[in-house]
Structure formats: C-alpha cells, structure tokens
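My entries follow the display.

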Amino acid sequence: MSLTAATGKIQTTAAALLALGMTVTVGTAVGFQHIGGYIPCKLCLEQRLPYYIGIPVMVLALVSALFKGPAVVTRGLLLAGALLMTWSLYLGIFHAGVEWAWWPGPTDCGVVAPAPSGGSLLDQLDAVIPPSCDQAAGRFLGLSFAGWNVVASLVLAAIAYVAAFRKA
C-alpha cells in the first residue's frame with residue numbers, strides 16, 4: 001500500500017484514536033506529576049517529547065482526514081505519528097532498562113547532593129532534588145512509568161502504522 005492511496009474511515013478513526021490516546025497518555029504522566037507529587041527525572045521528561053509533538057500532528061491528520069485532504073498528507077501525518085511513537089518506544093525501553101540496571105543511564109541523571117540546611121526557607125523550597133533515573137518512582141502491576149510508556153507507545157505505534165498503510 002502506498003501513501004498516495006485513498007483514505008477513509010480507518011484513517012479518520014485512527015487519527016482520532018491516536019490524538020486521544022497520546023493526550024491521555026501524556027496527560028496521565030503530567031497528572032501523576034502535578035496531582036500525585038511524582039517528580040519526573042530527566043529521562044521521564046524526554047519520554048514526553050514525542051507526545052507533545054505527536055498530539056498536534058495527529059490533530060492535523062484528523063483534520064486532513066475529516067476534510068478529505070490529499071491522501072498523501074493524511075497518511076504522511078499518520079506515518080509521522082507512527083515514527084514518533086517508535087521514538088517514544090525506544091525512549092521507554094531505554095529508561096526501563098536503566099531502571100532494571102540492564103545498562104547505565106546518562107551521567108547527568110542522578111541524585112544530587114542534598115542542599116545544606118542553612119539559608120532561608122525560600123532557598124530550601126527552591127532546592128528541588130530531581131530523582132535518579134535508575135530508580136522507578138513507583139511500580140503499578142509490575143511496571144514502572146517507563147514500562148507503561150513502552151506498552152502505550154507500542155500500541156499507538158501499531159495503530160498508526162496500520163492506519164498509514166492500510167486500504168481505506
């Protein structure tokens with residue numbers, strides 16, 4: 001199947017599902033940060049980038065599909081979403097591997113020395129110590145946030161690849 005083949009319901013539904021799925025996935029991570037109090041590490045924040053880029057791309061794909069834009073545009077945007085979720089899959093696997101000590105993480109991603117106890121209360125409040133990338137903030141059903149990102153990215157990438165190349 002080529003990217004110039006006509007588009008239809010499959011591409012429209014997939015674009016809507018992908019935009020919603022990406023929004024829910026990254027929204028959940030942001031919710032755990034701001035509501036749950038989980039401070040993200042450097043790798044956690046990097047894993048959000050494909051979603052921040054992918055959501056508007058999938059909205060554009062949805063608009064293109066709904067308004068019967070050129071098939072190459074709709075399918076191209078779906079393929080871009082698939083590639084973004086593949087990048088997210090890589091980032092999630094890398095981070096999960098760091099958490100399980102399968103390979104080392106970045107050298108600039110670790111626990112820093114605690115701030116001295118002297119100084120004003122405001123200085124102490126501003127001294128947020130970022131978590132280490134090799135320590136999972138929590139595990140839910142055996143998977144860390146990075147592990148769940150792997151699952152979400154795999155599902156979203158599969159949907160996007162199928163929609164980009166399947167007949168209308």
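Entry one, the core. I find that the largest nonpolar core has 23 residues, of which Met22, Tyr51, Met58, Leu78 and Met85 touch the most other members. I take such a core as a set of buried Ala, Val, Leu, Ile, Met, Phe, Trp, Tyr and Cys residues joined through side-chain atoms within 4.5 Å, buried being under 20% relative accessible area with a 1.4 Å probe, protein chains only. Two or more residues each come from helix 1 (9–34), helix 2 (42–66), helix 3 (71–99) and helix 5 (145–165); helices are DSSP runs (H or I, at least four residues), numbered from the N terminus.

I note that the model is predicted: local features need pLDDT of at least 70 and side-chain atom pairs 80 or more, while totals for chains, interfaces and linings use all residues. Residues are numbered from 1 along each chain as its sequence is written, and side-chain values use heavy atoms, without hydrogens and water.

Beyond its neighbours within four places in sequence, I list Ala15, Leu18, Ala19, Met22, Leu77, Leu78 and Gly81 in contact with Met58 (heavy atoms within 4.5 Å).

Which of its residues are buried? I count among them Ala146, Gly147, Asn149, Leu156 and Ala164. Their cover includes helix 1, helix 2 and helix 3.

Technical notes. Buried means under 20% relative accessible area, exposed over 50%, partly exposed in between (1.4 Å probe, protein chains only).
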